[in-house]
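Dear colleague,

Please find the structure below, with the sequence alongside. After it I have set out what I found on going through it.

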Amino acid sequence: MPDEPLINVHNVTCGHGGGEMVLSDASFRLDSGCRIGLTGPNGMGKSTFLHLLVGLVPVHGGELEIFGSHRMSPADFTEVRRRIGLLFQDSDDQLFCPTVLEDVAFGPLNLGKSADDARDIATATLTQLGLDGFEDRIIYKLSGGEKRLVALAGILAMEPDVLLLDEPCAGLDETAEKRITEILQDLPHAMIVVSHNRAFLRAVVHETYRLEDGQFHPHVWDAE
Amino acid sequence: MILEPDANPKHSIVTSVDPRIRIIAAMVFSIVIVLGGKSAILAVLVALVVAAFAQVRIWALVMRLAPLNLLMLVLVITLPFSVPGESMFLLGPLSYSFEGFGQAIVTALKGNTIVIMLTALVATIEPVQLGHALERLYVPQKLSRLFLFTVRYFGVIDSEYNRLSRAMMMRGFRPRLNLHTLRSYAYLSGMLLVHALDRSERILDAMRCRGFDGRFHSFDPNPHSISWNDGCFVIMLGGWTAVLLNIDYGSW
């Protein structure tokens, strides 16, 4: 079935810690090859929505269909996490290994690859992102832009079908932002990109939604 | 603030030796020193020579030796009063003995020798490499991982601390000896703890997203094979250690 959506969120309700609902009866759909931008006021749950899709936040009501199956229990999300790559807002949360090569190889190792295969995959992914020679660099000595790229490499090394990117450009300078933009434009993956940066979203995604009051609204940028 | 080793990582004869060998060598050498006595002066010289070859930064070495020798000074002052022997001088009813003085000096020399050798061999290892070396020496994974996590997040927590304390200073906070200062520092440390806890949850979430199921898979980022240089180092230091052992226990 080529038309089956990768992600189909049907009338889903969910909240985060505080009890206030982040999504109420919201629906959303991501098709293969689609790139969707997500914007909206702070605290409206854009990050929570991404975390919901990989099972880090529980669903309170509605149906969550990912890769053609219903996902409810934590066990359902094991496969989802292998096929969806989530880039966290703060790269320091994601890069926990001391060196670059170990961090990029972490995902492939968890997928059951041998140490040699994991090393080859990690090296190839770093090369793909223009990070040749970064293998032995120590992560706490990298710049913010370099950390973001290494975090992205860590996700791409798992060969996911879908990318969820939480503010991939936040806190980066112009050069780093330009580099991320070019890399994302060249990737074939379906993706959901959370950002407040209009120029960046325009360059990377096909359509943009605004998450506000628990619902997704098609977003039209104001005339400049 | 970033954790840095005590010598420039540029390769010297000592710092190019496999970290595992340096850790074991430092341990064996320390045990020999602790057990010895007569060889104390020669041992200090051996340790200093190794430190010189390792190109340890003088200042780093001084900073490590200073607190140790403060403690040793207390020992030199107090120990001789409790050791019987020929009196050097009398302080009221107390006698300061030559024997006690000798023992205190030997102890101080041994302490300095071990710290100099540890500085030269272990403190010159890049912290990340030290963690990997411990892992490869079969130190329990919980401990070596804890060490590597500490190395990784030391700078993150430190910059969080700096951010918070700078924000306090910007609003006119000056530490004084009063309740307000104590309370503010308590809030600061509480906040650091809460932030660190939140971050640890996010790190675990991120690890789960990449398929982590509670087990770390062994992965050696740069497999190290023993080289000629390593062998020479073992022979040299082993030889000198044997000389020290012989002075203490041998027939020379």
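I begin with I192(A), which sits in strand β8 (residues 190-194) of chain A; please bear in mind throughout that this is a predicted model. Leaving out residues up to four places away in sequence, I192(A) touches L30(A), I36(A), L38(A), L50(A) and L164(A). Its C-alpha atom is also 6.5 Å from that of L163(A), although I192(A) and L163(A) are 29 residues apart in sequence.

Setting aside neighbours within four places in sequence, L53(A) is in contact with I7(A), I66(A), I84(A) and L164(A).

The crossing in which α3(B) passes α4(B) is right-handed. On the α3(B) side the residues that make the contact include L61(B), L65(B), L68(B), M72(B) and L75(B), while those on the α4(B) side include F101(B), I105(B), A108(B), V115(B) and I116(B). By class, the residues of this contact of α3(B) with α4(B) divide into 15 nonpolar, 7 polar and 1 charged.

In the second pair, the axes of α1(B) and helix α8 (residues 228-249) of chain B come within 11 Å and cross at roughly 5°, and α1(B) and α8(B) are therefore roughly parallel to each other. The contact is made by I21(B), A25(B), V28(B), F29(B) and V32(B) of α1(B), together with D230(B), F233(B), V234(B), L237(B), T241(B), L244(B) and L245(B) of α8(B). These residues of α1(B) and α8(B) divide into 10 nonpolar, 1 polar and 1 charged.

Helix α5 (residues 127-136) of chain B deserves a separate word: 9 of its 10 residues are buried, so this helix is largely enclosed by the rest of the structure. The buried residues are P127(B), V128(B), Q129(B), L130(B), G131(B), H132(B), A133(B), L134(B) and E135(B), and they pack against α1 (19-35) and α6 (141-170) of chain B. Just after α5(B), Y138(B) takes a positive phi of about 65°.

As for the interface, 25 residues of chain B are in contact with 29 residues of chain A. On the side of chain B that touches chain A, the elements giving two or more residues are α5, α6 and α7 (179-209) of chain B, and α7(B) gives the most, with 8 residues. By class, this side of chain B has 13 nonpolar, 5 polar and 7 charged residues.

Two further positions may be worth a look for their backbone. E159(A) has a positive phi of about 50° although it is not a glycine; E159(A) lies in the loop between α6 and β7 (162-166) of chain A, and is partly exposed, with 15 other C-beta atoms within 10 Å. Q55(B), likewise not a glycine, has a positive phi of about 55°; its place is in the loop between α2 (40-53) and α3 of chain B, and with 17 other C-beta atoms within 10 Å, Q55(B) is partly exposed.

Lastly, L70(B) is found in helix α3 of chain B and is exposed, with 9 other C-beta atoms within 10 Å. The C-alpha atoms of L70(B) and M168(B) are separated by 35 Å, the two residues being 98 residues apart along the chain.

With best wishes

Methods: Residues are numbered from 1 along each chain as its sequence is written. Chains are lettered from A and ligands numbered from 1 in the order in which they are written. This is a predicted model: local features need pLDDT of at least 70, side-chain atom pairs count only at pLDDT 80 or more; totals for chains, interfaces and linings use all residues. A crossing is left-handed if the near helix is turned anticlockwise from the far one by less than a right angle, and right-handed if clockwise. Helices (H or I, at least four residues) and strands (E, at least two) are DSSP runs, numbered from the N terminus. Two residues are in contact if their C-beta atoms, placed from the backbone, lie within 7 Å. Ala, Val, Leu, Ile, Met, Phe, Trp, Tyr, Cys and Pro count as nonpolar, Asp, Glu, Lys and Arg as charged, and the others, Gly among them, as polar. A residue is buried if 20 or more other C-beta atoms lie within 10 Å of its own, exposed if 12 or fewer, and partly exposed in between; C-beta atoms are placed from the backbone. Axes are lines fitted to C-alpha atoms, for helices over the stretch in contact, and angles run from 0 to 180 degrees between N-to-C directions. Angles under 35 degrees count as roughly parallel, over 145 as roughly antiparallel, 65 to 115 as roughly perpendicular and the rest as oblique.
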